[in-house]
Amino acid sequence: MDESEGRPVGRRGFIRDAAVGAAAFAAPGKLMADETETHSHSHDHDHDHQDVPPDIALRVRALESVLVEKGMVDSAALDEIVDTYENRIGPRNGAEVVARAWVDSAYRERLLADGTAAIGELGHLGGQGEHMKVVANTPEVHNLVVCTLCSCYPWPTLGLPPVWYKSAPFRARAVIEPREVLSEFGLDLPEDVEVRVWDSTAEIRYLVLPERPAGTEGMTEEELVEIVTRDSMIGVARVETPSGGEPGGDA
Amino acid sequence: MRTDTGGDPSERVDAERLAALPPLPADDDGPVFEAPWQAQAFALAVKLSEEGHFTWKEWAGTLADELAAAEARGEPDDGSQYYHHWVAALERLVVDRRLSTSTALDDRKEAWADAYRHTPHGQPVELSTSLSQALAEDRIDRL
């Protein structure tokens, strides 16, 4: 898919063949489009079936699959539009959670103890009842989130998953060689930093609480929200100190 | 979070068409969505219109009617339900134009709900998987 070339992630080598994952949310007949292989195992959960989406989401899925089947609209064309707005679908909620944790140590404690409840305090839980576990980066530990089986992702807090998150190479390699993967994202961790990889399941979704960068002591919570990137909450990037008083920026 | 470009700008829906709609949730950079289904519903309206199944003007009119009806019912006009009305308008127009029927859409919705209920985590949710097959796989999975 050509359109992936223009994206910030497109320049990263292993992501290039990830475009197959782009259809994941809108493809007719499939939820996770990049998931074509058959799994012989499941996560160890008592209830590992997928949650039924809210009624309204099912109505949209019904419309889409019926119309695509009848050839009235092309599913790839729909995917292209949805992907175009990938970063426009609820992505700031997680940043609000992180910024609050940075300025409010009591909130931080609640967040790490019970992520679902603490994120709920800010009104950012989705209708699918997923449990959120928040893992904090420290100078000694770096956390990385992946879903090796498919593309579980806490979209109410992070928006739509980026194409590379859904890609087979990321899903496989994040577990096998996380340091190399992080390095390809431009994040070179010192040898003495422990890397923890969290594999999302149907029931538990993870959010990384990145370290608050140096030099941001004078920033307000609202300003801090602007510097927290999606990538930092997946764990493939750090939050950088904004330069020249120009907060924001994923590059 | 603000500087993400979100892919190929050429796939963005032009401002002129967006301006013809009742004001939709947006910021300076364009539409914002609270959930994936909203973006999917948005894309459906755009593409069905581009394919000539209805004009953009007809779409805007249907959506405006739906929003007006909601207001008449006394529902809060705070934008929170915008895409619920969007989906209702889309269903209405699709049925009006005989692209599908209410029954077909309802049946399909139930089929999707069933597919979710019977598909283990990590496997794609597919309508083609028959119920019995899904149940059989489920049993094997749990042995």
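How many of the ten residues of helix H2 (residues 75–84) of chain A are buried? Eight are, and the helix is mostly covered. The legends below refer to a predicted model, in which local features need pLDDT of at least 70, side-chain atom pairs count only at pLDDT 80 or more, and totals for chains, interfaces and linings use all residues. Residues are numbered from 1 along each chain as its sequence is written, with chains lettered from A and ligands numbered from 1 in the order in which they are written.

**View 1. Helix H2 of chain A and its surroundings.** The buried residues of H2(A) are Ser75(A), Leu78(A), Asp79(A), Glu80(A), Ile81(A), Val82(A), Asp83(A) and Thr84(A). A residue is buried if 20 or more other C-beta atoms, placed from the backbone, lie within 10 Å of its own, exposed if 12 or fewer, and partly exposed in between. They pack against helix H1 (55–69) of chain A together with helix H2 (36–50) of chain B. Helices (H or I, at least four residues) and strands (E, at least two) are DSSP runs numbered from the N terminus. Chain A has eleven helices and four strands, and 49% of its 251 residues count as buried.

**View 2. Packing of H1(A) on H2(B).** The two axes come within 9 Å and cross at roughly 35°; axes are lines fitted to C-alpha atoms, for helices over the stretch in contact, and angles run from 0 to 180 degrees between N-to-C directions. The crossing is left-handed, meaning that the near helix is turned anticlockwise from the far one by less than a right angle (clockwise for right-handed). Ile56(A), Ala57(A), Val60(A), Leu63(A) and Glu64(A) of H1(A) meet Trp37(B), Gln40(B), Ala41(B) and Leu44(B) of H2(B). Two residues are in contact if their C-beta atoms, placed from the backbone, lie within 7 Å. By class, seven residues of this contact are nonpolar, one is polar and one is charged (Ala, Val, Leu, Ile, Met, Phe, Trp, Tyr, Cys and Pro count as nonpolar, Asp, Glu, Lys and Arg as charged, and the others, Gly among them, as polar).

**View 3. The largest nonpolar core.** This core has 38 residues, of which Leu63(A), Ala41(B), Ala43(B), Leu44(B), Ala45(B), Trp86(B) and Leu90(B) touch the most other members. A nonpolar core is a set of buried Ala, Val, Leu, Ile, Met, Phe, Trp, Tyr and Cys residues joined through C-beta atoms within 7 Å. Not counting residues up to four places away in sequence, Leu90(B) touches Leu63(A), Ala41(B), Leu44(B) and Ala45(B).

**View 4. Surroundings of Glu91(B).** Glu91(B) lies in helix H4 of chain B and counts as buried, with 20 C-beta neighbours inside 10 Å. Leaving aside neighbours within four places in sequence, Glu91(B) is in contact with Arg59(A), Leu63(A) and Leu105(B). Glu91(B) and Leu105(B), 14 residues apart in sequence, have C-alpha atoms 8.4 Å apart.

**View 5. Arg108(A) in helix H4 of chain A.** Arg108(A) is found in helix H4 of chain A and is partly exposed, with 18 other C-beta atoms within 10 Å. Val98(A) is ten residues from Arg108(A) in sequence and 8.5 Å away in space, C-alpha to C-alpha.
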